[in-house]
Amino acid sequence: MRASLYLRTLGRESRGTRARLAFFVACLSVGVAAVVAVAGLSSSLDDGIRVEARQLLAADLAIVGNRPLPAGFDPTAGTAGVEETRIEEAPTVVAAPPRAGRPGPSQLVELKAVTGAYPFYGTLVLKPARPLAELLAPDATVVASDLLARLHLRLGDDLRIGGLDFRIAGVVVSEPDRVGVSFTVGPRVFISGAGLARTPLMGRGSRISHRLLLKFPPGTPGTRIQAVAERLKQTIPDPAFYRVETYRDAQPALRENLARVERFLGLVALLSLFVGGIGVAESVRAWLAGRLDAIAVLKCLGMRPREIFLLYLGQTALLGLAGSLVGIAAGVAVQQLLPGLFPDLIPAGMVHPWQPLALLRGLGLGAGVAILFSLAPLSAVLRVPPVRVLRREAEPLPRHPLASLVTGVTLIAGILGLASVQSRSWLLGVQFTGGVLLVTVVLAAAALLIVRAVRRMPRDFARPWLRQGLAALARPGAATFGAIVALGLGVLVVLAMSLVERRLAGEFARQLPTDAPSAFLIDIQPDQWPGVRGLLERAGARRIESVPVVPSRLTAIDGVSVDDLTGARSPHRPKDRNRRWMLTREQRLTYMRTLPPDNVVIAGALWSDPAHRPEVSVEESFAEDLKLHLGTVLRFDVEGVPIDLVVTSIRKVNWRSFGINFSLVVEPGVLDQAPQQRFAAVRLPPGGEQRMQDLLAATYPNVTVLRIRELLEKVGKVLNRISLGVRFLGGFTVLAGIAILAGAISAGSARRSHEVALLKTLGMTRRGVVSHFAVEYALIGLVAGAIGACGAAALAWGVVTRGFNLTGQLEPWPLAIGVAASAALTVAAGLAASVRALQRRPIEMLRTE
Amino acid sequence: MPTASPSATAASAAAVPSIKVPSIEVPSIEVPRVEVPRIELIRLTRRLPSGGRELTIVDAVDLTIPAGQFVAVLGPSGSGKSTLLALMAGLDRPTSGEVRIDGRPISGLSEDELALLRRHQIGFVFQSFQLLGNLTARENVLLPAELRGLPDPPARADELLAAVGLADRGHHYPSQLSGGEQQRVALARAFAARPPILLADEPTGNLDGATGRIVLDLMTGLRRREGTTLVLVTHDAAVAALADRQIHLLDGRIERATGLPELTAAGPETAAAAAAAAATPDAAVHAESPMAVVGR
């Protein structure tokens, strides 16, 4: 057939079916709309999360190192409009100026020297409420209020830093990016970069950490910042000495959740596309069912089967294009509407729906899905017997093995391609395709077994309506079977989506640190603890936890000295550097009889050594980094006293809980007499931290209060946004999936108008026809729903445990509701499609058939 | 059932000129020197599975139809008439036996090759019209001519629509036409690609008497004009009487044949000869020969 004739015939053939194929266009457009909206919204959501999370980093991107950035390295090369701030941090001892010839009291503090604007994001709350840069003249300092109390100083007094006097120009109330509490050495002291340059502190250089904060122009997409971060990681000289961080790395509690959300969004987009594909396949199947006569006539007229196949494929492609365009428009509209409807979810100005590449991708994916998923139903064209023009009930032509093979291979390769494009990973694409294949085979086998079982089941005992339904289920021919498989797959995907969404959103809600401590108290002397505790209780503190802390150093592992362990290795390999640091740093030991609830022993058993040697329980990643295992003997130096501890258990710690946790927990009784301090975590009533700080400063000036309420609130906000986003996008996809499935069922049922007419002709009332069909649809829906629900439970379990590292939970109720909803949906959509046939006189339907 | 006999063979050789083709507007037909029957059925059998057992629909039918002949196939409902027609057109495949078109066996052809055979050789008229509902009357007629690749299909379609008296209804869709009009469009479509063979299945079965008569007259007139071999299935003796030959089917077997004798007998020897003839390059030319002359 010549191209011109092909195009002419294509145009003619599409004419009468345009209205009928509205289903097709609708299914596809819902799928594409979901893809476009999810893609757009997830990037907007990501931007929204970034707005919150970057406050925890005080910048968009930070380069952290323990030496200055190499000369000549310009991290902002090629990126215009980026602002920079340089920060140097070091622990140092500050002192009040000498009074009456006697040296003033001194204190170990965390010195932070700032050059440039600080912070870029979040707020540094100061008293007086002025920008840090204004307060920080080269000879001025801004300090934490507890330092004033400890050193008996006031605003305007001098503070001796590095041997030079700085005027105290302000007090720090809260700091946005002070997130770590584990290695805090003391109160905060700010000076300017110029101020630091005045002191001899830079010269020593040993413990100064350098931090370069970068702020990108407003509106820079998160992906761009990530790309810059990746490039910096690749190009920075001596990468072992620097760490490139973005807002993702600012808070360990968020890192894993952000990764989960990304995986979830990828899954949502993939599955919504897949559900759209099922809708397309079903509507093509229904469409072709109505075109069998025309196809037979075309074959009679001498059109070759493959020409007819191409004809319908061409139509499908055109419809796919139409559906994709409608879907893109709908997806863009959804994105435009959302910020107005859910301002908490996506802040206005965060939505950029007009991204030509993303839209083009939606178009390509839509057309691709349309063609791919219609291949199998379209191949039925090849099997239409031309003799149908004479005998409508003629058997279909035998399946052509090569055609089946080509269709199958193309479909699998196509799904693989689409999944890889959508998830931007070949590995994920392969996993998804394999999963879909496996699930389809299992579903088909289950459907076949059930249909066979029903066929064998005696149904004489049943009431007529049930008998009719059972008979319909067991009817020979692939229609019922195909419908069950397609519907089952749809139910599986939608239900799995909803289960994963529930689990994930539930997890985010659970992680919201509602009961986490709002302040940590460090450096409490053991004899001060009863008094401090009393103060806390009177101030209305809840959840007061306290543990002893024994400072120590690790000196040997299994008899090999740490000096030998570290000296043997090159300092340039990052892993070894980390190990060396972990081996040589100060180790804070604690001791307790039972572990806190957020600790789980994963190997060995607590305090179980049969030889009754002193024992230690080690946290999992610490054990991994130092290559420790059960039975390893660690030697610690505690204030000059060597202590040998045998590792008898390894623990997993949930660091997200914000509770007090230690890498090393020692058996009680070993360290009880060692020099120690106490460490406490409390939850204070809102605003109580400052009062507590003032109270403690007056009575126990050596105790430092670390406020983490602001940090917790920020983490909470981000988690909330993530949870809301997951619920919303998951719900959106589930709804889209239900709409598509309803459409597919309707499309499949529309061809049964002839049967309606026939039953009416045989004297069945409309009510009778409705109940007859309802039972049949309900049974199909129940069977498909049951199979789909089992599959969904398995899929959701796999995704939750493997993909999200969460514990799986079997929830029977959503599954049961899913099965019931599947039956109800099938009945409703199926009957809705037969309404027209029910209303018209039978003869009209019989004639048009 | 007709059997091969030497006299029949002899008579058939002389029968070609005597076919009723005087109304053909072209003065002469190139009569092939080696006569190959247009359609040949050899021990043609079709069984269909029915409720666990096999039902023989067409039972070892032998039949030879020469080029240009008008054969009516008669028989009661269920006698296998339509199946016989479907087998002749390669719409259905025989359980055993063979169909030859212009001496060429069609049983080994793929679905694609069968489609091409129909495109070039066979036109259809059905009881239920089978017009394509998405296409206008004119487009329905155009399609076979376009598929065949004839020069100027629109002119051909207009000419045929005029011939069936529907010149001004070409832009209507089938649903906007009466039954008789639809069947006239179907007739025009059947002749559009100048097929040497026309197969008609109860073409007047869905029409009232007067309309049926008009359609029948148009069909026979066009057939004469185009020199088409016509096989018409009917249960109406009056319709069958218009044919050169009447084949009566009963339970899938030829009960009797009336009218003109066959041109070639379906004996094994002649079948072999025909097969040999079909293998010669001339065969294709012969197959096309009536079309090459008629109607140009």
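Among contacts in chain A between residues at least 6 apart in sequence, 83% join residues at least 24 apart, a contact being a pair of C-beta atoms, placed from the backbone, within 7 Å. The model is predicted, and local features need pLDDT of at least 70, side-chain atom pairs count only at pLDDT 80 or more, and totals for chains, interfaces and linings use all residues. Residues are numbered from 1 along each chain as its sequence is written, with chains lettered from A and ligands numbered from 1 in the order in which they are written.

Chain A contains 25 helices and 21 strands, defined as DSSP runs numbered from the N terminus (helices H or I, at least four residues; strands E, at least two). Of its 849 residues, 45% are buried, that is, have 20 or more other C-beta atoms within 10 Å of their own, with C-beta atoms placed from the backbone.

At the interface, 23 residues of chain A are in contact with 24 residues of chain B. Helices H1 (3-13), H9 (292-300) and H10 (305-341) of chain A each supply at least two residues of the side that touches chain B, and the largest share, four residues, comes from H9(A).

The largest nonpolar core has 298 residues, of which A:Val38, A:Ala496, B:Leu187 and B:Leu199 touch the most other members; such a core is a set of buried Ala, Val, Leu, Ile, Met, Phe, Trp, Tyr and Cys residues joined through C-beta atoms within 7 Å. Residues up to four places away in sequence aside, B:Leu187 touches B:Val125, B:Val164, B:Val215, B:Leu218, B:Met219 and B:Leu222.

B:Leu187 is one of the buried residues of H6(B). Twelve of the 14 residues of H6(B) are buried, so this helix is largely enclosed by the rest of the structure. The cover over these buried residues includes strands S6 (122-125) and S7 (197-201) and helices H4 (137-148), H5 (153-163) and H7 (209-226) of chain B. Just after H6(B), B:Arg194 takes a positive phi of about 50°.

Chain B also holds an open sheet of four strands in the order S2-S1-S4-S5, with antiparallel pairing, where two strands pair if DSSP finds at least two bridges between them. Strands S2 (53-65) and S5 (104-105) of chain B stand at the edges, each with a single partner strand, so one side of each is left without a neighbour in the sheet. Nine bridges join S1 (residues 39-50) of chain B to S2(B) in antiparallel fashion, and B:Ser50 stands opposite B:Arg53 in S2(B).

Key. Two residues are in contact if their C-beta atoms, placed from the backbone, lie within 7 Å.
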